[in-house]
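Take a look at the structure below. Keep it in view while you read the briefing.

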Amino acid sequence: MSFSPRSPGSSVTQDSATTVFTCFSTSLLLLVTGMSISPVAVTVTNSRSLRELDIELMKRLSPRVNVIPVIGKADSLTPAELAESKKLIMEDIEHYRIPVYNFPYDIEEDDEDTVEENAELRGLMPFAIVGSEDVVEVGGRVTRARQYPWGLVEVDNPRHSDFLAIRSALLHSHLADLKEITHDFLYENYRCEKLSKGIEGGATAYVHSYQKTIPDPLTDIINSDSSLAPEDLANQSVRLKEEQLRREEEKLKEIELKVQKEINEKRQELLARESQLREIEARMHREQSAALTDVDSTEAGAGLA
């Protein structure tokens, strides 16, 4: 799917931390944060559940970026319709096993505030978003809102939109976690996939190019000497075929050894990185133990004094 951010019905806003492209005609909203992370939010507008296009798009994006589902133009739905839409969309995501960023937490390891915050954000998914370029004054303060005959829909009002919650998560509370997932999992999976395809493709191309350089023995025999007897011609052709097969087997063994060597080098690289991480962890543990010992010694000295 492609779209132009400056097409009719779209808006572009920029600041130092984030760029938000919104195109209502394609029901797609991308939030690109920084240079090393691309959290993506797929919007579903005027639909009670995920469409086939939404499902396919989210499945294709999820191996590359963090996917966060949102509902665009949420002010076009009544509270009951919005609640029903959220329920159906999350059921579709679970049914089609679409990997989305669901604000993970561990009750046993994470602190109470983190668990409560992530549980609240997870309960808001998909986020109901309302956008506006109109600035109005409400109660002595200036805010972005949509003006309707029956009243205002404020973009920054939590009762009207989940915009504040998702903005805070993307640009503040969960920015480090999103970057970590992008770098440690998404990028590494993409890198391993490309490396494996490159090795396999290079070996196949090498074999094909080598085979093209080998002339057909039977054709060479016929062209070089057409006076041989049929029996001698057949015997010589068989010998040359056997020699050709032997050379091809040797070449394939060389290629196999080369590929195996590259795989072993990559494995050694991963083991070295794992060893470095363990050393860093051990050093941090020693430093922490030393700091605790110093504190205990200081407290003991103070008590004796």
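This briefing covers strands, salt bridges and surface patches.

The model is predicted: local features need pLDDT of at least 70, side-chain atom pairs count only at pLDDT 80 or more, and totals for chains, interfaces and linings use all residues. Residues are numbered from 1 along each chain as its sequence is written, and side-chain values use heavy atoms, with hydrogens and water left out.

**Strands and hairpins**

- Helices (H or I, at least four residues) and strands (E, at least two) are DSSP runs, numbered from the N terminus.
- Two strands count as paired if DSSP finds at least two bridges between them.
- Strand 7 (residues 135-138) and strand 8 (residues 141-148) run antiparallel, joined by four bridges.
- In this pairing, Val 138 stands opposite Arg 141 of strand 8.
- Strands 7 and 8 form a hairpin with two residues between them. Gly 139 sits in the turn and has a positive phi of about 60 degrees.
- Strand 8 also pairs with strand 9 (residues 151-154): they run antiparallel, and four bridges join them.
- Here Gln 147 stands opposite Leu 152 in strand 9.
- Strands 8 and 9 make a hairpin too, with two residues between them.

**Salt bridges**

- The structure holds 14 salt bridges. Each is a side-chain nitrogen of Lys or Arg within 4 Å of a carboxyl oxygen of Asp or Glu.
- Asp 75 forms a salt bridge with Arg 146, and their closest N and O atoms are 3.9 Å apart. Asp 75 lies in the loop between strand 5 (67-71) and helix 2 (79-95), while Arg 146 lies in strand 8, so the pair ties together parts that are 71 residues apart in sequence.
- How exposed are these two residues? Asp 75 is partly exposed, with a relative accessible area of 23%. Arg 146 is partly exposed at 28%.
- The cut-offs are these: buried means under 20% relative accessible area, exposed over 50%, and partly exposed in between (1.4 Å probe, protein chains only).
- Glu 243 and Arg 246 meet through their side chains in a salt bridge (2.3 Å, N to O). Both lie in helix 7, three residues apart, about one turn of the helix.
- Arg 246 also meets Glu 250 in a salt bridge (2.6 Å, N to O). These two lie in helix 7 as well, four residues apart, about one turn of the helix.
- Glu 243 is partly exposed at 31%, Arg 246 at 39% and Glu 250 at 38%.
- Elsewhere, salt bridges that share partners join Glu 188, Arg 191, Glu 269 and Arg 273 into one network.

**Surface patches**

- Patches are made of residues with over 30% relative accessible area and no salt bridge. Like charges are joined within 9 Å, and nonpolar side chains (Val, Leu, Ile, Met, Phe, Trp, Tyr) within 5 Å.
- Accessible areas come from the Shrake-Rupley method with a 1.4 Å probe; for residues, only the protein chains shown count as cover.
- Asp and Glu count as negative and Lys and Arg as positive; His and the chain ends are not counted. A charge is placed at NZ of Lys, CZ of Arg, CG of Asp or CD of Glu.
- A patch of negative charge on the surface gathers Asp 111, Glu 112, Asp 113, Glu 116, Glu 117 and Glu 120.
- Glu 116 belongs to helix 3 (residues 112-124). Glu 116 is exposed at 52% relative accessible area.
- Leu 277, Ile 280 and Met 284 form a nonpolar surface patch, with about 310 Å² of accessible area together.
- Leu 277 is in helix 7 (residues 230-304), and is exposed at 59% relative accessible area.
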